Amino acid sequence: MIPELEQVLPEEARGEAAQIFRPFSVNRGSYLFYPEDEARALYYVREGWVRLFQLGQREEEITLTVLSPGEIFGEAALIPGEKYGLFAEAMSDVELITAPREDLLRLMTRFPEAHRALLILLARRLKRAEERLRDLRFKEVLPRLAKALLMAMRPGSEGYEVSLSHQDLAHLAGSTRETVTKVLGELAMQEIIELGYRRILILNPEELKRVVG
C-alpha cells in the first residue's frame with residue numbers, strides 16, 4: 001500500500017486499501033502508458049525513476065517531469081473517460097504500486113482520509129513541477145545538473161553513487177546529453193565527482209549543494 005495512505009487510514013479501511021493497491025515491477029525502457037490510452041489506473045513510485053513526456057510538432061520528445069520514489073502519476077484516472085495524454089517511461093528498473101480507477105474512487109468516497117492523502121501527494125508533485133519550470137527559466141545547466149545529481153545519488157559501496165545514464169540526467173536537468181556529458185567532465189576535473197562505467201561517484205556532495213545555491 002502507499003505509505004502516505006497507510007498512515008492516515010482508519011483500521012477498517014486499511015484492509016480494503018491493501019486489496020486495491022497492488023505492487024508490480026517494470027524494466028528500464030518499458031512504457032507504462034501512451035497518450036491515447038484511457039486512464040484507468042493511478043500509479044505510485046516505490047523505487048526507481050519514471051519520465052513523463054510528450055512529442056512536439058517535429059516528433060521531438062519534450063520531458064515534462066521525472067518522477068522519483070514517493071510520487072504519484074496517472075491522475076487523469078480520477079476523471080472518468082479521460083485519456084492519459086502523455087507517455088510514461090521507466091528510466092530505470094522501477095517498483096510501482098497501482099490502483100484501478102473504480103476501486104480508488106470508491107475508497108475515496110467512503111474514506112475522506114484517502115482523498116486528502118492523495119491530494120497532498122498531487123500537491124507535492126505540482127510543487128516539484130513548478131520548481132522544475134522555475135529552474136529551467138532562471139538557472140544555468142550547471143546548477144540544474146548539480147541538483148539532479150543530488151536527487152539521484154544513493155548510498156553505494158564507495159560512497160554516494162548515481163546510476164542514471166547521461167541521457168537520463170539530461171532529462172532530469174532539462175538539457176541535452178551532449179551538454180550534460182561536457183558539464184560532468186568539468187565536475188570530474190574539479191574532483192567533485194568521479195566518472196565510471198555506468199555509474200557516477202559523488203566525491204563532494206557539499207560542493208554540489210553549494211553550486212545549487
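Helices (H or I, at least four residues) and strands (E, at least two) are DSSP runs, numbered from the N terminus. The legends below describe a predicted model, in which local features need pLDDT of at least 70, side-chain atom pairs count only at pLDDT 80 or more, and totals for chains, interfaces and linings use all residues. Residues are numbered from 1 along each chain as its sequence is written, and side-chain values use heavy atoms, with hydrogens and water left out.

**View 1. Glutamate 4 in helix α1.**
Helix α1 spans residues 3-6 and contains glutamate 4. Glutamate 4 counts as buried because its relative accessibility is 19%; buried means under 20% relative accessible area, exposed over 50%, and partly exposed in between (1.4 Å probe, protein chains only). Its side chain makes a polar contact with the side chain of tyrosine 44, at 3.0 Å. A polar contact is a pair of N or O atoms within 3.5 Å; within protein, one must be able to donate a hydrogen and the other to accept it, and residues adjacent in sequence count only if both atoms are side-chain atoms. When neighbours within four places in sequence are left aside, glutamate 4 is in contact (heavy atoms within 4.5 Å) with Tyr44, Gly70, Ala117, Leu121 and Arg124.

**View 2. The open sheet β2-β7-β4-β5.**
Strands of a sheet pair through backbone hydrogen bonds, either parallel or antiparallel. Here, 4 strands form an open sheet in the order β2-β7-β4-β5, with antiparallel pairing; two strands pair if DSSP finds at least two bridges between them. Strands β2 (31-33) and β5 (61-67) are the edge strands, and each pairs on one side only. Neighbouring strands of this sheet are turned against each other by 30 degrees on average, direction ignored. Axes are lines fitted to C-alpha atoms, for helices over the stretch in contact, and angles run from 0 to 180 degrees between N-to-C directions.

Strands β2 and β7 run antiparallel and are joined by 2 bridges; phenylalanine 33 has alanine 88 of β7 as its bridge partner. Between β4 and β7, also antiparallel, there are 4 bridges, and valine 50 stands opposite alanine 90 in β7. Strand β4 (residues 50-55) pairs with β5 in the antiparallel sense over 6 bridges, where leucine 55 stands opposite glutamate 61. Strand β7 (residues 87-90) is covered on both faces: Phe87 and Glu89 on one side, and Ala88 and Ala90 on the other, are all buried. Helix α4 (residues 112-138) lies across β4 and β5 and runs at about 130 degrees to β5.

**View 3. Serine 68 in a loop.**
Serine 68 is placed in the loop between β5 and β6 (72-73). With a relative accessible area of 12%, serine 68 is buried. Serine 68 and tryptophan 49 are 19 residues apart in sequence, and their C-alpha atoms are 5.1 Å apart in space. Apart from neighbours within four places in sequence, serine 68 is in contact with Val45, Gly48, Trp49 and Arg128. The side chains of serine 68 and arginine 128 make a polar contact at 3.4 Å.

**View 4. Helices α2 and α3.**
Helix α2 (residues 11-20) packs with helix α3 (residues 101-110) at an angle of about 170 degrees, and their axes are 10 Å apart. The two helices are therefore roughly antiparallel; angles under 35 degrees count as roughly parallel, over 145 as roughly antiparallel, 65 to 115 as roughly perpendicular, and the rest as oblique. From α2, the contact is made by Glu12, Ala13, Glu16, Ala17 and Ile20, and from α3 by Asp103, Leu104, Arg106, Leu107 and Arg110. By class, this contact of α2 with α3 has 5 nonpolar, no polar and 5 charged residues. Ala, Val, Leu, Ile, Met, Phe, Trp, Tyr, Cys and Pro count as nonpolar, Asp, Glu, Lys and Arg as charged, and the others, Gly among them, as polar.

**View 5. Helices α5 and α7.**
The axes of helix α5 (residues 141-152) and helix α7 (residues 177-189) come within 10 Å and cross at roughly 80 degrees. These helices are therefore roughly perpendicular to each other. Val141, Leu142, Leu145 and Leu149 of α5 make the contact with Thr179, Val180, Val183, Leu184 and Leu187 of α7. The residues of this contact divide into 8 nonpolar, 1 polar and no charged.
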